Amino acid sequence: MLVSVPMTQLVAIAGEPVYLPCDIATQDEDDAVLLVLWYREDLGTPIYSVDARERDFGVAERWSDESVFASRAYFLPERRPAELGVDRVRASDQGIYRCRVDFKQAQTRNSRVNLTVIVPPNKMVITDDKGDVKQAIVGPYVEGDTFTLKCDVSGGRPRPWVKWYRDEVEVDTPATALQGNAVRGVIHVGPLTRADVRAALTCRASNHLRAHPIETTLTLDMNFPPLTVHILGSNQPLSASRRYDLLCQSSGSRPPASITWWKNGHRINNAKETLSSDGNTTTSTVSLQLTKADAGAKLACRASNPQMPSVAALEDDWLLDIQYVPETTVRLGTNLDPKNIREGTDVYFDCIIKAHPYVYKVEWRHNRKTLVHNVGQGIIITNQSLVLQGVGRKTAGNYTCVGFNAEGDGESKPFSLNVLYAPTCRSSQQRVHGVAKQERAHITCHVDANPADVSFRWTFNNTANSNEVSDSYVSRSGTSSTVTYTPHTEMDYGTLLCWAHNRIGKQRVPCVYHIIAAGRPDQVHNCTVVNASLTSFGIRCAEGFNGGLPQSFLLEVRDIISQEIVANVSSAVPRFTAVGLEPGKTYASAVLAYNAKGRGDPYPLRASTLRPPEKHHVHDKSLDLPRTAFQISGAMSAAVGGGGVLMVVLVLFMVAVRQRCAKRKPRSAPPPSSQPASPDKLREKDDSESDDRNPDIIPSDTDHMQLDYFRQQQVSTISPPPGNRAPRGSVAGVRGSIPGYCPLRTIPPSTHPQAMHDNSTASSSIPPPARFASGACTLPRGAGACASSGAGIPLQHLRTLPRPLPAPAPAPRHTPRDTPL
């Protein structure tokens, strides 16, 4: 049983887009479209497909036949029904198309579309009785003449129709079919009268109501005494203060007419005349700059034939219509006082406008920004009025209204709206103040208020009570007030509240300032090395608590061996860049924060610059010289072999003797050295030897080598009782102080008293490490006094040293001296 496939009729104009419908809607929610295929009946294969069998339909694979639609086709599944769009439809696209839709569950659905493509005509040729092609003017003819015009139109499908119009009135037009789907329309004109001069004869052709028709208009020209005179573009408005070239044209005069210009009966003498190519039309041009005062004046153009003085001159006049840019003025509501507009008041403005032509749009601006009608924000714009509901401080400013017409936009002078409001606390103030006991602090309260004549009230709150601050401690300057506050006890730390009021009202929410005990800043943390190069590296840290005072940051870079400062960088934020360093070298660095109360604990770390690229040796071809043949005799070979065996036996004998002597001789501690080698120097030697052997080997990290060295010596940090503040060091150029570091001491492996007695002797035999700071030092914040003023160790070892062994008696302590980092 054959099932009839529904067909949809579509008509499209060539060059325009067309949309072929295809219903892909499903009846079941669980069903889905798997495949959409488009066919053209004269082709056996699909011309477009949407394949969603292996993916979601939203990202289905789409294909278009390059010989049919190519890239002009696109599928629109979101439409109801879905459509296949084709851009720039062609005449060859006409035909019957079938859409096939395969569903996951439902039965396959087919639909057909009969597409008809309309091709508008594209060529029109008009000829007269002589076969001359006419394009703009036909003639000139004299009174009583008759003539015929032929309009040939071609290039359309289906065959176009042709019609003639005389002054936009349709004329009976007999049409004749020509070869090649062309058609001809004929118009017969005459006998001519004076009424026929400059008649507009229009040939218009089309083949569909939706197709844009093509047309050609011819003007009929005749030889007469001046028949017409026209000011071209007359009765149109003119803009004030602009210069115009006005044209007056007279036709029908044989010989050509003479044209003169007049304004309110006064002749204008600067006119220039030109003659048309056929000699039938005279054009006169006058240059005028009109003003607003010329509105309503009569401008006349007179044409006369000098050869026919008995014939009165023809005249065309024009009542001047002068237009100008809108003149606007902003006026405040009559019942409002511009000097007493308070916050929360409703304000309205009127825009007084003088304009011609009248404005088509009025725009309101606040501080040169356009206002938009928004009832939710209290902005209501109706006609030429502006209403501001509940004005606030942000509403204050300059308001202008702008009128728009064809001449341009005219903006009024600004109206300054002054909104009075009660004081409020100004943002971006320092809310936390660190103050030491017995220190005089000046806390400033800044408010925004209008009028600026304000008075202040201060209160102090702590956990126990709330007190008013006496006026003798308070000073005022404009909209700012400063209280002088000195804490003496712990109870003097708390919160200061500041209120202000003016004649508008009292401040609702006070400004709150917290007074805390000031101290030196905390240690920075999370320091990392970034952007290392051959001669520089950067360090970034996270800042800690500033101690209640503004803090700054300092980076010191030292040479590990000599402890000389090679870079000293200060910054308002913990981000530094040390430059001018040596390539391929490791430096001891420390980052610390400081404020007016002192310095925080340094954050030690090591940073290295990049190693320079290795030099590659170039093979010298001059060394490739021919070698002289050298032959070893049998006696010489025997002598060399015997000498080698003798050397091996001698070396084995010396090794055996050395081991026997070592077993008999008791092991003793190595004598103290006046200048022991440090781990850094040992590593420097090893690194140099390793580099000589293999320049590609990257040297090991200095931190691990020194750390292993001190672990072998069983060292530990000193942990004195808390509460003892060690002396602080100082850094040149920075106020305050910075704690130093406590030197390490050795702990003997045994707890025997004799071992403890020999502690000083044993410690002197330990090679001292590379020092970060010479002399004695202090412990970080919270630690006690240092031990003996031995040589300091690099700062990075304070993080990873092992836990100290218990000692029967503490080592004697000496007061350290201040040591700069």
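**Exercise 1.** Which residue forms a disulfide with Cys 351, and how many Å apart are their sulfur atoms?

*Solution.* Begin with the ground rules: this is a predicted model, in which local features need pLDDT of at least 70, side-chain atom pairs count only at pLDDT 80 or more, and totals for chains, interfaces and linings use all residues. Residues are numbered from 1 along each chain as its sequence is written, and side-chain values use heavy atoms, with hydrogens and water left out.

Step 1: apply the criterion, which is that a disulfide is a pair of cysteine sulfur atoms within 2.5 Å. The partner of Cys 351 is Cys 401, with the two sulfur atoms 2.1 Å apart.

Step 2: turn to the torsion, which is 65 degrees about the S-S bond, and the link of Cys 351 and Cys 401 is right-handed.

Step 3: locate both ends in the strands (E, at least two residues, taken as DSSP runs and numbered from the N terminus, as are helices, H or I, at least four residues).

**Exercise 2.** Determine whether Cys 351 and Cys 401 are buried or exposed.

*Solution.* Buried means under 20% relative accessible area, exposed over 50%, and partly exposed in between, with a 1.4 Å probe and protein chains only. Cys 351 has a relative accessible area of 6% and is therefore buried, while Cys 401, at 0% relative accessibility, also counts as buried.

**Exercise 3.** Describe the disulfide of Cys 22 and Cys 99.

*Solution.* Step 1: the sulfur atoms of Cys 22 and Cys 99 lie 1.8 Å apart. Step 2: the torsion about their S-S bond is about -50 degrees, so this disulfide is left-handed. Step 3: Cys 22 sits in strand β2 (residues 18-22) and Cys 99 in strand β8 (residues 95-103), so the pair ties together parts that are 77 residues apart in sequence. Step 4: Cys 22 is buried, with a relative accessible area of 1%, and Cys 99 is buried, with a relative accessible area of 1%.

**Exercise 4.** Describe the disulfide that joins Cys 445 to Cys 498.

*Solution.* Step 1: the distance from S to S is 2.3 Å. Step 2: the torsion about the S-S bond of Cys 445 and Cys 498 is about -85 degrees, so the disulfide is left-handed. Step 3: the pair links distant parts of the chain, with Cys 445 in strand β40 (residues 441-450) and Cys 498 in strand β45 (residues 495-501), 53 residues apart. Step 4: both cysteines, Cys 445 and Cys 498, are buried.
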